[in-house]
Structure formats: structure tokens, C-alpha cells
Amino acid sequence: MSEVNQAKVGFAQRIDKLTPQLLIFPTVLIILFLAIYPLLLSAYLSMSRFKLVSGGFELKFVGIYNFKKLFSGSQQYHFLGTFGELLLWEWLIIALFIGSFCYWLVRYFASGKASVIGGIGRLITALVLSALTLLAFSVLNGTGHPGSLMVTLFYVFVGVAIQFFVALGLALLCAQKIRGKHFFRMAFFIPIMVTPVGIAYAFRMLMDMSQGPFAPIWSMFGLAEFSWAADAWMARWVVLIGDSWQWIPFLFMVLLAAIENQPKEQVEAAQLDGAGSWRVFKDITFPSIAAVAATAVLIRLIEAFKIIDLPNILTNGGPGIATESMTLHSFIAWRTQDLGGSAAVGYSLLFVAVVICVSFFNFVGQRTVAKGA
Amino acid sequence: MRLLKKSPTFNLGKLAAGVTAASAMVLALGANTVQAKKFDGVTVNVMTFTGPQIAEPLQRHAPEFKALTGATINIITVPFSDLYTKLLTDFATGTNSVDAAVFAPQWVVDYADPGYLQDISANVAKDKALEESDISPFFRSFSTQYKGKTYLLTLDGDFHMIYYRTDVLKEAGLAPPNTWDEYLAIAKAVNGQDMNGDGKPDYGSCISKKRNAQAYWAVMSIAGGYLQSQGTSQGAFFDTKDMKPLVNNDAFAAALHIYKETSKYAPADEINLDVGDTRGLFTAGRCALTIDWGDVGTLAIDPNSSKVIDKVGAAMLPGSTKVLNRDTGKLETCTATSCPHAVDGINRAPYAAFGGWSGGINAAADDKVKQAAYEYFSYVSQPAQSNKDVTIGATGFNPYRLSQFNNMQGWLDAGMSKEAAENYLGAIKDSLNSPNMLLDLRIPKNQNYQQVVLDTALARYLAGEIDVNQTMETIEEGWDELNEELGKAEQLELYKATLGL
Amino acid sequence: MSLMNKSLWQRLSEPKDLQSMSPLKKIFTYSILFVWSFVVLFPLYWLFVTSFKLPIQVSDGPFYIPFIDFEPSLHAWKYIFIDLGQDTLRPYLNSIIIASISTVLAVFIGSMSAYALTRIEYKPKLGSIVGFIGIVALVVYLTVTVGMQWQLSLSIGVALFVVFVLAFSRYFTRALGNNDILFWIISQRIMPPVVSVLPIYIMFQQLGLLDTHFALIVTYMAVNLPIVVWLMRDFFAKIPVDLEESAMLDGASRMRVFLTIYLPLAKPGLAATTMLVLILSWNEYLLALFLSTADAQTMPLMVAAQNATRGPQWWYMSVLIVVMVVPVLIAAGFIGRLINKGQLAGAVKG
Amino acid sequence: MSIKLTGIRKSYGSTEVVKGVDLEIAEGQFLVLLGPSGCGKTTLLRIVAGLESATQGEVYIQGQEVTNVLPKYRDIAMVFQSYALYPHMSVMQNIGYPLLLRKVPKEERDEAVLKAAQAVHLEPYLQRYPKQLSGGQRQRVALARAMVRRPKLFLMDEPLSNLDAQLRSQMRAELKHLQKKLAVTTVYVTHDQIEAMTLADKVAVINQGVVQQLAPPREIYNDPANLFVAGFVGSPRMNFIRGAIKQGIFSSRSCEFLCPKMADQSAAVLGVRPEDISIVAGEGQIRAAIYSIELTGDETIVTCSIDDEQTSAQIVVRMPADFESQIGEVVSVKITSKRVYLFDAQSQLRLRADGEGEVL
């Protein structure tokens with residue numbers, strides 16, 4: 001090798017040594033500037049009041065005032081909800097839930113594999129879940145009304161569950177040998193391409209009981225003079241239907257790919273051994289797609305917490321505050337220049353979402369990953 | 001973008017820009033014979049909400065204005081619900097990408113106080129073509145002035161009225177309502193009749209009650225007659241003595257009751273209708289009564305969408321025979337002293353809800369731009385343009401000039417029958433001339449008082465989450481909290497100022 | 001063993017062989033698939049026909065089929081494309097530019113990091129991270145509060161960081177791992193946009209970049225990076241290490257390995273990720289609402305804007321939603337082809 | 001359990017993979033389907049299993065037609081090439097899974113699993129997961145899973161192909177032993193002719209979807225039916241020399257061989273196995289130049305170039321371990337056995353002397 005070449009190699013090597021940094025730095029920098037920095041600034045915002053002053057604006061530091069308002073002040077009904085009187089049996093069920101969270105904790109600490117961070121993580125998870133259980137029972141019983149926190153959780157848990165099962169069912173059907181596979185696959189994917197704002201308006205048209213396309217059907221059932229928008233739960237379900245319509249395609253595509261990627265011979269072996277479709281699904285297919293499914297559900301969970309366009313456009317959060325999600329709550333506060341209040345709601349959402357997503361990731365996602373493959 | 005300047009693509013862009021500029025110069029030389037105009041090369045960015053209403057006439061007049069003065073008017077539109085924040089963010093952060101805007105006069109307090117808006121008192125005083133004296137006094141003062149200075153130019157006149165179906169009421173042998181009880185009675189009597197000949201039962205009353213929309217104006221329209229009886233300067237939102245919210249008393253309770261009662265004779269999903277929906281229903285002939293701004297009058301004669309051409313009557317908002325005694329919090333029957341403005345024992349307080357779209361100018365813009373912006377708003381507002389615009393439903397502009405009320409011809413040209421025009425303009429005139437007109441809230445953060453606290457409580461009340469008393473307590477508590485936060489004394493001072501005290 | 005004597009139930013419920021479906025299952029499958037196709041396609045059909053309706057036909061109750069129960073009109077299309085003309089095309093073009101560029105950048109940069117996180121072990125020192133955040137805070141402080149020129153404060157920050165790392169990094173011992181970095185990146189996606197929009201707005205305002213394509217491209221890129229990193233990591237992890245090692249023995253640098261081996265092999269995953277990110281940035285509303293005013297306005301804003309005080313202009317809105325779906329459908333058609341090709345399978349099985 | 005296939009054909013789209021196969025396997029027999037990859041042998045096996053349906057033809061098990069019967073009713077166990085172990089189940093669960101599906105009570109199941117595990121020496125690994133096992137262990141799990149429920153028919157799809165050479169020969173012996181012990185009819189697919197020779201009771205050599213010859217291993221080796229079988233079976237493979245037969249003499253450029261009873265043939269191929277020829281000092285039938293010499297330990301494999309119609313044709317000779325020579329040296333090769341085969345170069349069929357089985 002000539003000298004010139006050696007110099008070149010030296011330079012190339014230096015570049016090569018730097019490559020690991022070069023590869024990851026753009027991402028880290030972009031996220032620092034456009035995610036971490038806004039996050040820190042918002043943290044400050046959530047502890048201040050926004051005030052207009054001559055020629056600009058001013059942020060007055062108010063400590064935890066904005067949060068206090070949400071949790072125990074004038075916005076409590078809005079954020080947490082209106083509490084109802086809990087009956088004895090409801091207390092018992094709550095106790096049962098909390099007890100099971102405690103049992104889960106105790107078992108972890110008794111397992112001998114407990115670490116400090118793991119322990120703290122599980123403790124936070126258990127505490128938040130207990131608090132949410134208590135909240136759920138107090139605001140969902142006869143005399144209570146859920147606030148934006150519980151409504152968001154309803155959208156997240158019920159919505160994601162429904163979307164997952166429908167998507168799984170469709171993916172299983174589409175994974176069979178069927179005619180027109182490409183058509184179904186493409187068609188089923190379309191809803192996710194429609195802008196959420198558009199979906200919300202489209203559903204407003206469709207759900208119109210007197211001018212919408214299903215109006216004749218409603219009036220056939222004598223429902224022409226019935227309005228889903230006036231009933232809290234109906235309105236929430238309509239929002240959920242719109243959200244599901246949009247997001248089932250995403251889960252559908254991911255699950256379909258996973259099902260089609262599973263080793264065929266495992267299924268055949270089970271079929272030879274006499275397993276029917278249900279056994280094949282339960283024992284072979286599902287375990288093999290569990291890891292992918294967990295990731296997809298986690299992505300969906302993260303997005304579901306941010307639901308805003310549908311309730312905003314379908315009902316503007318009404319009737320009352322029945323369909324208002326936390327993001328919408330935050331957005332409405334934003335719109336009236338209550339930036340501090342808006343950021344406080346946003347931060348509370350961030351906290352709940354992080355605890356739930358991280359718990360899911362650690363306690364459900366990891367398990368499937370460990371078992372699978 | 002400085003970072004990008006080194007890249008070759010950017011140079012290409014520059015080159016392209018150069019070529020364009022060169023060709024533009026050639027064109028300009030060719031057109032040398034045309035005289036140079038006052039505002040050549042000036043561009044004014046005007047923001048408003050997305051049309052066709054309001055934005056449409058602004059866009060339509062822009063080329064005319066350019067031909068006249070050379071100024072380019074660039075209309076930027078954002079959704080209505082985001083306009084307030086969008087403007088405020090633009091002003092407050094010093095972005096100043098917006099040179100002028102057309103917005104609700106209520107917001108002027110939030111914009112003018114920190115000095116974002118240009119004081120145009122001097123311009124208005126000098127402006128002959130504007131014919132300011134032709135503008136109805138209410139729109140001249142309330143819609144444009146703040147603390148004695150003029151910040152806005154009126155482009156539109158807005159307040160609440162009721163509309164009724166003349167044919168339906170006639171058939172039922174009923175007169176237009178004078179009190180809210182009569183309103184309810186009529187709604188009840190005609191509810192379920194087929195009013196547009198499609199064989200399906202229609203509704204007695206349609207009022208926009210959607211949350212985060214326009215519901216909170218309607219409830220004040222009802223409450224006005226119960227709350228305010230001593231003339232405009234009495235105010236109906238707060239007690240001018242101590243800034244005590246006037247929302248927890250028998251008057252407000254009565255208004256809430258009526259407000260909810262109207263839902264019985266309304267579409268089932270009224271709770272999810274915004275004003276656009278109710279207008280659609282009314283012009284489709286599906287409602288006998290509605291509370292709305294001037295728009296319905298012109299929309300009803302639009303042959304593209306209306307099925308009720310010449311079947312619509314307008315009237316001043318109904319009133320009440322009982323009014324609030326602010327000392328006791330109880331309702332008392334009208335007497336000569338308690339209701340000096342009552343007619344036939346009925347106290348009415350027509351509600352100047354919203355107040356009409358008006359144009360304001362960013363104080364931080366260049367002088368030349370500010371001048372051009374002013375002249376543009378003036379141009380749009382001048383009778384030559386405005387008198388035609390207000391008769392077109394699609395513009396969203398409603399009459400605000402005396403000449404518009406008095407000169408019937410424009411309305412007849414637009415397709416209204418003489419009778420309807422008289423009725424429509426009469427209702428507007430009656431409302432405007434009322435000495436007991438109820439002014440909209442115009443103190444700092446009025447958005448928070450109305451759109452957040454009042455609106456949310458109303459929505460929960462309608463949804464059955466809380467009862468009348470809880471509703472009133474919630475509103476009172478929320479308003480008190482805002483008062484405390486913003487300074488009770490200052491708010492009271494400003495409130496009194498808007499009432500002319 | 002009575003193999004051939006099937007009961008009627010068996011005949012209906014069991015397939016002839018494993019390649020076909022039983023009659024019952026066939027009926028069940030196809031009926032569900034068709035029902036769902038209806039569920040999926042009907043709203044779009046409804047939007048499509050609504051775009052040809054006159055206002056009065058919309059308010060008069062449901063009409064389903066053009067020419068048969070109502071006379072279609074092109075008025076809405078005319079309004080959107082001729083009357084508005086430039087005002088429609090500009091946001092349309094903006095959307096195309098912003099969504100495509102930000103998607104390409106996000107996918108490329110994100111894949112780079114995803115590759116790095118699967119194949120290179122990082123041990124960022126806790127101390128360096130804290131130092132870095134401190135310097136970022138300083139830069140922001142200097143720019144926003146003190147009002148220093150951002151180029152200047154940024155270069156000060158970079159210089160300080162280099163000095164800091166060179167001088168102190170060996171004293172830090174507590175290190176994080178790849179999974180920590182990964183989770184940190186993902187967690188950024190949990191943040192609701194309402195929380196971050198004002199700071200981002202202020203930042204771009206300070207840089208004088210509001211209402212430019214650049215601001216939206218960078219923001220969308222940042223918002224979508226976590227998803228790219230996350231998805232691509234799975235795909236990269238499946239590529240056998242042997243391939244990388246053999247390329248490196250042949251003299252390829254890491255960057256080259258990434259560009260010529262990993263990216264092409266992960267094409268199906270890359271396609272799927274691109275699709276998802278493209279859709280997310282194409283449809284984004286809230287950030288666009290705040291970061292753009294006129295020049296950089298995107299299509300979702302235009303759709304939302306059709307809800308005027310006269311009520312939603314269903315016909316205009318329908319036109320816009322329909323034309324908004326078209327480019328994504330076309331992109332999906334192209335990108336979708338890549339998804340099904342199992343190039344990886346070929347590489348692994350030989 | 002006996003199996004009969006009649007006229008099985010299978011096409012995927014327009015490509016026909018199996019072109020009319022008839023086969024019969026007697027109860028307890030070990031049948032090996034031998035052929036190069038892509039010859040259709042795996043498809044045939046899957047048709048027997050019911051995993052694929054034949055386009056034409058019938059499958060009979062125990063005399064009953066099962067062509068359209070689902071696999072789960074056929075009582076068949078199969079070992080896949082990839083083993084198809086369930087990654088999320090332990091070895092114990094994997095082996096026990098077929099019994100679980102048959103709702104066998106737990107104690108009984110565990111006992112059967114243990115027994116099967118013992119048979120393949122897996123007892124120490126019962127609690128492990130497949131990914132914690134070596135290739136040979138996985139293969140044995142698959143085997144145990146197949147035999148645990150005592151099926152009437154074993155199907156194996158190249159079960160040994162993923163193992164290293166030593167393990168493979170060991171497993172071969174075990175398989176043979178197990179099959180004889182359990183006396184289960186077995187169909188075994190492989191492309192490895194040593195497996196076929198050592199395991200089979202009968203071998204079906206398949207090429208291009210057609211059974212070329214169905215016979216016991218010895219017969220396949222000693223009496224190949226055609227050029228393909230002759231070439232495919234045997235390692236090192238049979239030497240072929242192209243030439244023509246004229247008046248009882250096969251002659252090519254480098255070789256002359258007497259076959260007095262054969263009819264004239266303008267294009268013929270002479271085939272002779274490496275062990276049936278030898279490099280001699282004196283006169284031989286074939287002239288050749290030494291190309292390479294490989295010592296395997298107990299013998300030496302010598303490859304020689306011959307001057308054939310095909311350029312650079314080669315023949316392979318098995319020589320004793322002490323054979324020594326130089327590359328490039330020209331030698332004569334002598335046919336030392338009577339096992340010389342002649343084939344028709346066109347039809348590829350074996351040429352036989354009229355009325356006789358032997359060539360000479």
C-alpha cells in the first residue's frame with residue numbers, strides 16, 4: 001500500500017470512528033430542539049399565568065395554582081369529573097382492584113428479583129391505577145359525571161380494545177385464501193388516509209338523523225326524532241366509532257402483515273395434530289404475532305391519548321362536557337388564551353399517558369417479546 | 001433560511017426570482033403610460049375567518065381597490081374558532097405578519113389595551129367618503145370605540161332578533177311573540193306541524209345550543225328582558241356597583257328555564273346545532289321560530305338554498321312583564337319606575353350580541369401599510385359598496401347604515417318583497433333605536449367569561465349534568481374567580497366604561 | 001374411522017381441503033368482508049356524491065345516486081378549483097411539498113438512528129447529557145431572553161459543548177444504554193401537540209421562519225422521528241448481522257453498509273414506515289394551524305375552514321376531502337407494491 | 001397402515017409439479033422419496049398428509065379413499081424440515097401439544113411425553129424453550145412430538161438436512177431403530193441418497209414430478225432403471241461416457257467396450273460406478289489423464305479427464321489408499337466388474353440385451 005493510500009485510510013478510519021455519533025446525532029438534536037425544549041418551556045408555562053401587556057405578553061409565575069384548580073378547584077368537575085356517592089358494593093369492588101394491584105406489587109418485591117428502579121416504576125403504576133380505579137367508580141356511577149380525564153381513558157381503553165379486536169378479526173379473515181385479497185386490503189386501508197378533520201365532518205353528515213344517508217332507516221325504527229348528540233354515552237360512542245373507523249386500518253395492516261409472516265409449518269403441524277381453527281389461532285398464531293401486536297397497540301395507545309379532532313368537530317365536546325377529551329380540554333383553554341391552564345391539562349395528560357404507556361411497554365410488551373421468537 | 005442559502009437549489013431559486021423580477025420590470029416599462037398610484041407596491045395582509053361570509057366581500061373588493069390605489073390586499077383566512085388566538089398570538093409575540101384584521105368588536109379590549117391596535121380616530125375624522133354620520137350611532141360607538149378612541153371600522157351590523165314564519169303563524173292565528181312566554185306558547189302550538197310541505201313534522205323553535213359555538217348569546221337574549229330595564233347603561237352582566245355577576249337570581253333562573261324549555265319544541269339534536277345548522281333548518285322551512293343575527297333575513301331570500309322566500313318575519317327580541325330587582329334578587333312586575341322603557345308593560349332589551357364584524361389595523365405595521373389598510377376598510381364600508389353587500393346573504397354583512405334601513409330599493413333589487421323588507425328593516429330599526437339595548441360584554445378576557453365559563457355551564461345544564469341553581473352558582477363562581485384573577489376594581493372600571501358610565 | 005361419511009354439518013363447516021374454505025366459513029368470511037368494505041367505503045362514497053350536490057339537495061334529506069335521485073352539479077368543484085383557484089392550489093402544493101419532504105427526511109434520519117441503535121452500542125454518559133441540556137438551555141436563554149442572534153448563540157453553544165465533552169467526559173461513569181435512548185426517543189411521541197405548540201411557535205417566530213415550509217417540514221420531521229426510529233429498528237433487527245460483517249470485510253464503511261445493505265434490504269419496512277409517516281404529516285392539523293398563516297397553509301386547514309358561520313359548507317368540504325385522499329391513494333399504490341416483496345426472505349434463506 | 005396413490009397430479013397455476021404418480025406402501029414399510037430439490041417429492045408428501053390437495057388422482061389410506069379428507073382425520077404425524085416447533089412452548093409443552101388437542105388427561109399426557117422424550121434422549125431438556133436447544137435437540141423434539149401420540153403414519157420432510165454430518169449419521173441410526181421398533185408406516189423425503197439407502201425399505205426415485213423407479217435400495221443401486229436413477233444414486237456418482245454401439249462394440253473417442261449382445265445404437269451412454277473400475281498398469285478400456293487425487297483415509301478418489309464428445313468429461317475411480325500418481329499422468333482405466341450399464345442417450349432408458357438382465 002502506497003503512502004498516499006495510507007493517509008487516505010487514516011482519514012477514512014477517523015470518519016468511520018465518528019460514524020456512530022453521526023448516525024444518531026441528527027435525531028437527538030432534532031428531538032432536543034423540537035421536543036425537549038418545548039416540553040421544558042411548557043412546564044414553566046403550566047406554572048404561570050399568561051398576561052397581555054403593552055407591546056407583548058408576560059408570564060407570571062403562579063406555582064401549582066393551575067394544577068390545583070384542575071384537581072381541587074373550579075375546574076375539578078371539568079378535569080376529574082363530578083363525584084357521585086359510592087355505594088358499599090362499589091367500595092368493595094374498588095378495594096378488590098386496589099388489593100390486586102397491591103398483591104402484584106408484593107409479589108414482585110417477594111420474588112427476590114426486585115430492583116430499585118423496577119420497584120419505583122411498579123409503585124407508580126400501582127398508585128396511578130388505583131387512583132384511576134377510584135376515580136372511575138366515583139364519576140361513572142349514577143350521580144357522578146366523568147370529566148375529561150375519564151372520558152379520555154374511555155376513548156383510549158375501550159377504543160383501542162375495540163379497534164384491536166376488529167382489526168384482528170379482519171386481518172385473520174383477510175389472511176385466508178380469498179378472492180379479491182388486494183381489493184379488500186387496499187379498501188380496508190383507505191380510512192387512515194382521510195384527514196381526521198375530514199373524517200369528523202364526514203361522520204357528522206353520516207350521523208345526521210334527519211338528512212344523513214341513514215335517515216330513512218332511523219325513521220323506520222321511529223328514531224327520526226332521536227338524537228345521539230343529546231345523550232352523553234351515545235355521543236361518546238359516536239366519537240369512538242369515528243375514531244375506530246379511522247384507526248382500525250392501521251392495526252389491521254400491521255396485524256395482517258404479522259399473520260402472513262408467521263411460519264406456515266407451525267400452523268400445518270398443529271393442523272396435522274388435529275387442531276381446529278380456534279386452537280390454531282389461540283396456540284400458534286396469536287403467540288407468534290403477540291410481539292408485533294403489542295408494539296402496534298402501544299403506538300395506537302400513544303396516539304389515542306391525543307384524540308381531539310373528532311370530539312371537537314362532532315360535538316364540540318358536548319353535550320355538556322360529555323365527549324371532551326383532555327387534548328380538547330387543553331385546546332379550548334388555549335383558544336381563550338388560558339395558556340397556563342392549557343399547559344397544566346397537557347402536562348397531566350402527559351403524565352397519565354406516560355405512566356400507562358410505560359407500564360404497558362414494560363409489563364405487557366416486554367413479556368410478549370420475551371416469550372415470542 | 002440563511003442556512004440554506006449556500007445550497008445550489010437555493011441559487012436556482014434566486015436565479016428564477018431574478019428572471020421573474022426582470023420580466024416584471026419589462027412588463028412594468030411596457031405599462032409605463034399608466035399613472036403611478038398612491039400605494040403602488042404596498043401589500044396589506046388582512047386576516048379574517050374563512051368565508052364565504054365576510055371573507056368573500058373582502059376578497060371581491062380587493063382587485064377593485066388595487067385598480068384604484070395600487071395596493072395589493074391579501075386576504076388571509078383562518079377558521080372562526082381560531083381567529084381570536086391566531087391574531088393575539090401574532091400580535092403578542094411580535095410576529096406581526098398580519099397588518100390588519102376583521103374581527104369581533106368585543107375583542108378590541110384585549111387587543112387595544114396592550115397597544116396592538118392602531119388608533120384611527122384622526123383618519124375617521126378626516127374621511128369624508130366614509131360618511132360616518134350615516135352609520136347607526138350604536139355601530140359607530142360600541143363597535144368601533146374603546147376608551148374614547150376609535151380603533152375599528154364597522155363593516156357589518158350584528159345583533160340578535162327573532163325570526164318567525166309568517167305563513168305558519170298566520171295559519172295558526174297567532175301574532176309574533178312579545179314576551180318569552182308567548183314565544184314558548186307559539187312554539188308549543190305549531191310544533192309538529194309540517195311547515196315545508198315534505199310531509200314530515202317540523203319544529204316550533206330552533207336555537208343554536210351547541211357547545212363552543214354561539215349558544216351563550218341566545219341565553220343572554222332571553223335573559224336581557226328580565227335583567228336590564230333601566231336603559232343601556234344599566235348593564236346586564238354585572239352589577240355596576242360592585243361587579244357582582246348578575247347570573248344567580250330569579251331573572252337568570254327564569255331565562256335558563258325558558259332556554260331549556262324551548263328544546264321541547266326543537267329538533268332532538270338541537271344541543272348539537274350551531275348557528276349554521278339552525279340557519280340551514282330555518283331556511284329549509286323546518287322551524288317556526290328562531291333567534292339569530294341579521295343573516296337569516298338575507299339568507300331567506302337566497303334562491304339557491306331557501307325554501308322560505310317571503311315567508312319570514314323578523315321582530316325585536318321578546319321581553320318580559322317582570323324584571324329583576326337587583327337588591328332582592330327577585331322578579332317584580334314592571335312598573336313605571338322599574339321599567340321606564342317598557343311598552344304595554346313589557347320590558348325588552350334587544351341584545352347587541354357580537355356587535356358586527358369590524359376592521360382593525362396592527363399598530364406595528366409600516367405607516368404606508370397602515371394607511372392603505374385604513375383606506376381599504378373605508379372603501380369597503382363606503383355606501384357605494386356596503387349598500388349592495390348587505391343585501392347579499394353570502395357576504396355575511398348585515399345592515400348598519402341609516403341609509404340601508406331607509407332606502408328600500410336595494411332590498412327589493414335583492415329579491416325581497418316590499419312587505420318583508422319593511423318588516424325586516426323595521427325589526428332592525430326598532431332594536432337599534434331601543435334605549436334599553438343590551439350591550440355585549442366587552443371587558444378584558446370576555447372570551448373567558450362567556451365562551452368558557454358561561455358556555456360550559458350552559459352546556460352542562462342542557463345536558464342535565466347540573467340543575468338551574470347549580471348552573472347559576474357555577475357561572476357566578478367562575479365569573480367571580482375571573483374577576484379576582486384580573487383585578488375586580490379594574491374590571492369594574494372597564495365594564496362601566498363600556499356602558500358609558 | 002369413517003373418513004368419507006361426513007354429516008351435513010361437517011360438510012358445511014369443514015373445508016374440502018386446507019387450501020379452501022368450508023361453505024359456512026366462506027359465507028361468513030365474504031359477508032364480513034363485504035360488510036366491512038361497505039363500512040369503509042360508504043363514507044367516502046357519501047363525500048363523493050355530496051361534492052356534486054347543491055346546498056338545497058343536502059338540506060332536503062338524503063339523496064343517494066346522482067342522475068337518479070338528484071341532478072348532480074359541478075358548482076362546488078367549480079368554486080374550489082376555479083373561483084378559489086390559486087387559493088386551493090397553493091395549500092394543495094404546500095401539503096405535497098411539506099408532507100413529502102418531511103417524510104423523506106424523517107424516514108432517512110430516523111432510519112439512520114434506528115440502524116445505529118440496533119447495531120452499535122451507545123453508552124452516553126449521564127454527565128454529558130446533563131451538560132448538553134444545560135448548554136441547550138443556555139443557547140435558548142441567550143436567544144430568546146437576551147435577544148442574541150441565534151447563529152451566534154448556537155455557535156457559542158456548540159463550542160462550549162465540545163470543550164465540555166473534551167474536558168470532563170472521562171470523569172463521568174454512569175452510562176445509559178441503547179434501550180434508554182430508544183425509549184427516550186419514543187416517549188417524545190406521547191407528548192400532545194397542544195403542549196408543545198406555543199414554544200415551537202415562539203422558537204420559529206424568533207428565527208423569523210413562521211409561515212414557511214421550512215418550519216412545518218422541520219416540525220413534522222421532529223414529530224414523526226420517534227415512530228420511524230421505533231418501526232425501523234424492528235425491521236433492521238431482523239437483518240442478519242452476517243450481511244453487515246461480510247460487507248465490512250469487503251471494505252465498506254458503516255455509512256456505506258447502512259446505505260447499500262440495510263436500506264435496500266429493509267425496503268418493505270421502509271415502505272410501510274414511509275406510508276404511515278406520510279399519512280400522518282399529510283393529515284396533520286393542529287401544528288399547521290399555528291405555524292402557518294397564508295403562504296404555508298396546508299389542506300387540512302382548508303377543510304376545517306369550510307365550516308363557516310352559515311354552517312359547514314358540506315359540498316365544498318367534500319370536494320376538498322376527496323381531492324385530499326387522491327395523492328395519498330396514489331402514493332399508497334406505489335409504496336404498497338414494495339411492502340409485499342420479501343427481499344429479506346431471499347437474503348436469509350440463500 | 002398401507003398407503004396407495006393413484007395418478008396423482010398437482011399443478012400450481014400452469015406449472016405441473018407432480019405428473020401422475022402411482023405409489024403403494026405396505027403397512028410398516030419405510031418408504032423414502034428420493035430426488036433432487038424441486039422434483040415434487042415434498043409436494044407429494046404434503047398431498048399424503050392432506051396439507052395440499054391433489055389436482056387429480058386419489059389417495060388411499062388403509063384402502064379407504066381420503067383424497068378430500070382433512071389432515072386431522074387422517075391420523076398422521078409429520079416432522080417438518082424446519083421442525084415447526086412452537087417457539088413459545090417449552091419442550092414438554094411442544095411434545096405434549098398433540099395429546100392436549102386430543103384432550104388426554106394431564107397425568108397420562110405427562111407420562112406419554114416423558115416416554116417419548118426418553119426414546120429420543122431429551123429428558124434433561126423438558127423445561128427448555130426451542131431457542132435454547134441445539135439443532136439436533138430440536139430435531140429430536142420434533143420427532144418426539146410426532147411419535148408421542150402413536151400415529152399410524154409418519155411423514156418426514158428432510159428431517160436431517162439441518163444437522164451436521166456426524167449428528168446426521170447418528171440420527172439416521174436412531175430413526176431406523178425407532179421406526180422398526182414402533183413398526184409405523186413411514187414416508188420419508190430426502191435428497192440425500194445415503195439416507196435413502198440406509199433407511200429405506202423401498203425407495204422411490206423422483207424426478208420432475210415422475211417416479212423414475214420404485215424398488216428396494218439395493219435394486220435401485222444395482223439395477224437402475226434409467227440414466228437419471230443411475231446418476232443420482234451412488235457417491236461418488238456413476239461415470240458416464242458417451243458414444244455409440246455398433247456391432248456389439250460400444251465405442252467413444254477414449255473408450256472401447258465389448259457388448260456383443262446389444263443392438264446397434266447411434267447415441268448411447270455407458271455407465272460404470274467408480275468402484276467398478278480401476279487404474280491399471282497394463283491395458284484398459286479407457287484412456288484418461290489424471291486430474292486430481294483425493295485421499296479420504298481408507299481409499300483414494302482419483303478423477304481423470306477423458307477425451308469424450310463432451311469436452312473435459314471426467315471419470316472418477318476409487319483406488320486403494322496407497323495409490324500414488326502424478327497429476328497429468330496419462331493412465332489406462334480398466335473395468336473390473338460386470339456391472340456396466342448402457343443407456344439410450346435419447347430416451348435415457350436402460351438398454352438391455354434381448355431377453356437378458358445382464359449387459360454382457
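1. Two strands are taken to pair if DSSP finds at least two bridges between them. In this predicted model, strand 8 of chain B and strand 9 (residues 287-292) of chain B meet that condition, since they pair in the parallel sense over 3 bridges. One residue pair can be picked out here: B:Thr290, in strand 9 of chain B, is the bridge partner of B:Cys206.

2. These two strands belong to an open sheet of 4 strands in chain B, which follow the order 8-9-7-10 and whose pairing is mixed. Strand 8 (203-206) and strand 10 (312-315) of chain B stand at the edges, and because each has a single partner strand, one side of each is left without a neighbour in the sheet. From one strand to the next, the twist averages 15°.

3. Which strands of chain B does helix 11 lie across? Helix 11 (residues 275-283) of chain B lies across strand 7 (161-165), strand 8, strand 9 and strand 10 of that chain, and runs at about 145° to strand 9 of chain B.

4. Turning to the assembly, there are 5 pairs of chains that touch, and among these the most contacts are between chains A and C. Chain B and chain D, by contrast, are joined by no contact, with heavy atoms within 4.5 Å as the criterion, and their closest C-alpha atoms lie 51 Å apart.

5. For chain D, the domain assignment gives domain 1 (3-222) and domain 2 (237-351). The centres of domain 1 of chain D and domain 2 of chain D, taken over C-alpha atoms, are separated by 38 Å.

Conventions
Residues numbered from 1 in each chain as written. Chains lettered and ligands numbered in written order. Predicted model: local features only at pLDDT ≥ 70, side-chain atom pairs only at ≥ 80, totals over all residues. Heavy atoms only, no water. Axes fitted to C-alpha atoms, helices over the stretch in contact; angles between N-to-C directions. Domains from an automatic or database assignment.
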